[in-house]
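How do the helices of this protein pack, and where is space left between its atoms? This report takes the helix contacts and then the cavities.

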Amino acid sequence: MLNLKVAAIGAVAAAGLLLSVNGVAQTPAKADTAAAAEFDKRVAAYVDVHKKADGQVPSLRRTDDPAEISSREIALGNAIRAARAGARPGDIMTREIAEELRRLIKKDYRSRSREDRKIFLDEVPHFRPKVNQTYPSTWPLATFPATLLDVLPKLPDIVEYRLLSEALILRDVNANIVVDFILDVY
């Protein structure tokens with residue numbers, strides 16, 4: 001009877017170990033936590049700059065007027081640019097987080113078929129980003145892969161990831177400006 005109990009406990013423990021190993025193998029890799037924590041801190045500092053700039057720009061009177069919306073977007077972008085006049089690539093996406101983001105994006109990209117890669121690259125914009133530049137209205141906002149959103153650090157609502165033909169950018173949604181970028185992501 002004792003042997004039967006020990007065997008049952010051993011079988012349950014082995015099954016639990018097997019499930020945990022399989023669970024780890026199936027869980028997508030996430031960004032390094034130390035680099036991600038620093039990234040989160042830098043994104044939060046940018047959000048503070050955005051909020052201060054937003055307070056300097058008049059509010060919208062009508063949200064259905066495209067000209068007024070565009071005018072406010074431009075004014076907000078200009079206020080943020082003035083507040084971040086010395087901004088450079090890597091101010092938010094440091095070398096450490098850039099390495100992690102590149103690793104995750106390359107892993108996702110290489111897991112796609114050759115045909116899917118071609119379709120993906122055909123959809124993304126082909127311009128060279130600069131910090132604080134307005135996202136060109138001549139280029140669409142390509143859909144960002146959900147598989148990547150699941151593994152990249154989460155962003156506040158006013159900032160989003162966007163992929164270009166050779167870069168990952170952080171884009172301010174309300175000001176329509178490039179906040180930071182990294183190259184060589186595929």
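In this predicted model, helix 2 (residues 33-56) packs against helix 3 (residues 66-83) at an angle of about 125 degrees. Their axes lie 9 Å apart. Helix 2 and helix 3 are therefore oblique to each other. The crossing of helix 2 past helix 3 is right-handed.

The contact can be read residue by residue. Helix 2 supplies Tyr-46, Val-49, His-50, Ala-53, Asp-54 and Gln-56. Helix 3 answers with Arg-72, Leu-76, Ala-79, Ile-80 and Ala-83. By class, that contact holds 7 nonpolar, 2 polar and 2 charged residues.

Helix 2 also packs against helix 4, at an angle of about 115 degrees. Here too the axes of the pair are 9 Å apart. Helix 2 passes helix 4 in a left-handed crossing. On the helix 2 side, the contact residues are Ala-35, Ala-36 and Phe-39. Glu-96, Ile-97 and Glu-100 meet them from helix 4. This contact divides into 4 nonpolar, no polar and 2 charged residues.

The two pairs are set out below.

| Helix pair | Angle | Distance between axes |
|---|---|---|
| Helix 2 and helix 3 | about 125 degrees | 9 Å |
| Helix 2 and helix 4 | about 115 degrees | 9 Å |

Now the empty space. Rolling a probe the size of a water molecule over the atoms shows where such space is left. How many cavities of 30 Å³ or more does a search of the whole structure find? The search finds 2.

The largest cavity holds about 40 Å³ of space. Its lining includes the run Pro-140, Leu-141, Ala-142, Thr-143, Phe-144 and Pro-145. Val-124, Pro-125, Tyr-135, Arg-162 and Leu-163 also line the largest cavity. By class, the lining has 9 nonpolar, 1 polar and 1 charged residues.

The second largest cavity has a volume of about 30 Å³. Ile-105, Asp-108, Tyr-109, Arg-112, Phe-120, Pro-145, Leu-148 and Tyr-186 line that cavity. Which element gives the largest share of this lining? Helix 4 (residues 95-110) does, with 3 residues. The lining of the second largest cavity has 6 nonpolar, no polar and 2 charged residues.

Conventions:
Residues numbered from 1 in each chain as written. Predicted model: local features only at pLDDT ≥ 70, side-chain atom pairs only at ≥ 80, totals over all residues. Heavy atoms only, no water. Axes fitted to C-alpha atoms, helices over the stretch in contact; angles between N-to-C directions. Helix = DSSP H or I, 4+ residues; strand = E, 2+ residues; numbered from the N terminus. Parallel < 35°, antiparallel > 145°, perpendicular 65-115°, else oblique. Left-handed = near helix turned anticlockwise from the far one by under 90°. Contact = heavy atoms within 4.5 Å. Nonpolar A, V, L, I, M, F, W, Y, C, P; charged D, E, K, R; others polar. 1 Å grid on protein atoms, 1.4 Å probe; cavity = no way out; pocket = protein on both sides within 12 Å on 5 of 7 lines; lining within 4 Å. Points joined across faces, edges and corners; volume = space filled by probe spheres on them.
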